[in-house]
Amino acid sequence: MAEKRLRERRWIGGALAVGLVAAAMAPFLPQIIRRAGAVSLHGPDWALWRELPWMVQLHVIAALTALLIGTVILFRRKGTGFHKTLGWSWVAAMGTTAVSSLFITGLNGNYWSVIHLLSGWTLIALPMALYAIRNRKVETHKRAMTGMFVGGLLVAGGLTFIPGRFMFAFFFG
């Protein structure tokens, strides 16, 4: 019975995440459809990179670092000294990614957008996940860290490839 409730909660959480992503993308749907037709795969446009403000560059570098470290952590044995060292590096990269995102508001005028909720959640969840592992709550730690990896890096990272955003222009524009 308890496992059924847990599955239902995860399903509801997944549905809410999909709804949040859909709500974040809805205002951009006409632009996405219009620009998707003009896609051309090419090497990265480094001239665009050089034009970015330093805070956006920091954000991208921190996010890519967290993605790389997080991918390694996911596929390695847990609880080792290597895992702990990489884990602390991942926490630093995720924290930098979340904090730097709070200074990036160009997507929504000069205001935060719905995607900034992930930054706030990351800043709350990182210390909670560390508290969990220090108190030997391995499952709680695992769920929190995996959730931040999936939501904060994969989902949010995927949203950066929407036409009209930097990563789309950098690779496809």
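This is a predicted model: local features need pLDDT of at least 70, side-chain atom pairs count only at pLDDT 80 or more; totals for chains, interfaces and linings use all residues.
A residue counts as buried under 20% relative accessible area, as exposed over 50%, and as partly exposed in between.

**The tryptophan pair**

Trp 46 comes out at 47% relative accessible area, so it is partly exposed. Trp 49, at 16%, falls on the buried side of the cut-off.

| Residue | Relative accessible area | Class |
|---|---|---|
| Trp 46 | 47% | partly exposed |
| Trp 49 | 16% | buried |

Both sit in helix H3 (residues 46-51), and because they are three residues apart, about one helical turn separates them. How do their rings meet? The ring centres of Trp 46 and Trp 49 are 6.4 Å apart with the planes at 80°, so this is an edge-to-face pair.

**Helices H4 and H5**

Now for a helix pair. H4 (residues 54-75) packs with H5 (residues 81-101) at an angle of about 150°, and their axes lie 8 Å apart. Since angles over 145 degrees count as roughly antiparallel, that is how H4 runs relative to H5. The crossing of H4 past H5 is left-handed.

Which residues in H4 and H5 meet? On the H4 side they include Met 55, Leu 58, Ala 62 and Ile 69, and on the H5 side Phe 82, Leu 86, Trp 90 and Met 94 are among them. By type, the residues of this contact split into 13 nonpolar and 10 polar, with no charged ones.

Conventions: Residues are numbered from 1 along each chain as its sequence is written. Side-chain values use heavy atoms; hydrogens and water are left out. Axes are lines fitted to C-alpha atoms, for helices over the stretch in contact, and angles run from 0 to 180 degrees between N-to-C directions. Helices (H or I, at least four residues) and strands (E, at least two) are DSSP runs, numbered from the N terminus. Angles under 35 degrees count as roughly parallel, over 145 as roughly antiparallel, 65 to 115 as roughly perpendicular and the rest as oblique. A crossing is left-handed if the near helix is turned anticlockwise from the far one by less than a right angle, and right-handed if clockwise. Contact means heavy atoms within 4.5 Å. Ala, Val, Leu, Ile, Met, Phe, Trp, Tyr, Cys and Pro count as nonpolar, Asp, Glu, Lys and Arg as charged, and the others, Gly among them, as polar. Rings of Phe, Tyr and Trp (its six-membered ring) pair if their centres lie within 6.5 Å; planes under 30 degrees apart count as stacked, over 60 as edge-to-face and the rest as tilted. Buried means under 20% relative accessible area, exposed over 50%, partly exposed in between (1.4 Å probe, protein chains only).
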